[in-house]
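Here is a short briefing to read alongside the model. Please keep the viewer open as you go through the points below.

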Amino acid sequence: MEKILYEIKDALQTNELFGIPIGGDFNELLSWPEFSEPLKIENNNYDYGKFVVERYEDVILVIRMRPEKQVTIPDVLSIFGEGEVNSTSQYEFRSYSTDKVYILFTFELETGIMQRIDAASTIFMD
């Protein structure tokens with residue numbers, strides 16, 4: 001699991017996650033033999049869970065992942081640090097960003113267990 005979190009952290013520098021360019025050309029991605037539209041990988045070889053790639057027109061906007069292994073807030077803090085923290089009555093959100101990539105971790109507030117990760121392109125962010 002730690003290896004996956006480091007891969008996600010590296011995405012802040014490389015603008016790629018699992019070799020998929022965040023903010024890249026969606027149509028080019030569809031030409032890869034392992035992908036087809038709609039681009040959903042139910043079981044990937046990263047032993048992490050499931051992920052979906054979302055787009056706006058031809059631009060990859062979000063690579064959204066749902067962990068199948070239990071990941072907690074301390075797991076993320078040990079690799080990413082504090083980040084920006086927000087919460088609702090049900091969830092705690094921790095975000096990390098660069099000029100090109102925005103990473104958002106969503107945790108269940110009561111248990112502190114991760115529910116989702118979004119690696120998003122900042123192309124259309126203000």
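Does Glu 57 count as buried or exposed? Glu 57 counts as exposed because its relative accessibility is 58%, where exposed means over 50% relative accessible area, buried under 20% and partly exposed in between (1.4 Å probe, protein chains only).

A word on the basis: this is a predicted model, in which local features need pLDDT of at least 70 and side-chain atom pairs count only at pLDDT 80 or more, while totals for chains, interfaces and linings use all residues. Residues are numbered from 1 along each chain as its sequence is written, and side-chain values use heavy atoms, with hydrogens and water left out.

**Overall fold**
- The protein chain has 3 helices and 9 strands, taken as DSSP runs numbered from the N terminus (helices: H or I, at least four residues; strands: E, at least two).
- Along the sequence, their order is α-β-β-α-β-β-β-α-β-β-β-β.
- Of the 126 residues in the protein chain, 39% count as buried.
- Among contacts (heavy atoms within 4.5 Å) between residues at least 6 apart in sequence, 44% join residues at least 24 apart.

**Nonpolar core**
- The largest nonpolar core has 29 residues; such a core is a set of buried Ala, Val, Leu, Ile, Met, Phe, Trp, Tyr and Cys residues joined through side-chain atoms within 4.5 Å.
- Ile 8, Leu 17, Val 76, Phe 80 and Phe 105 have the most contacts inside this core.
- At least two core residues come from each of H1, H2 (26-30), S4, S5, H3 (73-80), S8 (101-108) and S9 (114-121), and H1 gives the largest share, 5 residues.
- Leaving aside neighbours within four places in sequence, Phe 105 is in contact with residues including Leu 5, Ile 8, Val 76, Phe 80, Phe 93 and Ile 117.

**Two loop residues with positive phi**
- Asn 15 is not a glycine, yet has a positive phi of about 65 degrees.
- Asn 15 lies in the loop between helix H1 (2-14) and strand S1 (16-17), and counts as buried because its relative accessibility is 17%.
- Glu 57, also a residue other than glycine, has a positive phi near 55 degrees.
- Glu 57 is found in the loop between strand S4 (49-56) and strand S5 (59-67).

**Surface**
- The accessible surface of the protein chain is about 7,300 Å², with 45% belonging to carbon and sulfur atoms; areas come from the Shrake-Rupley method with a 1.4 Å probe, and for residues only the protein chains shown count as cover.
- Phe 124 is in the segment after S9.
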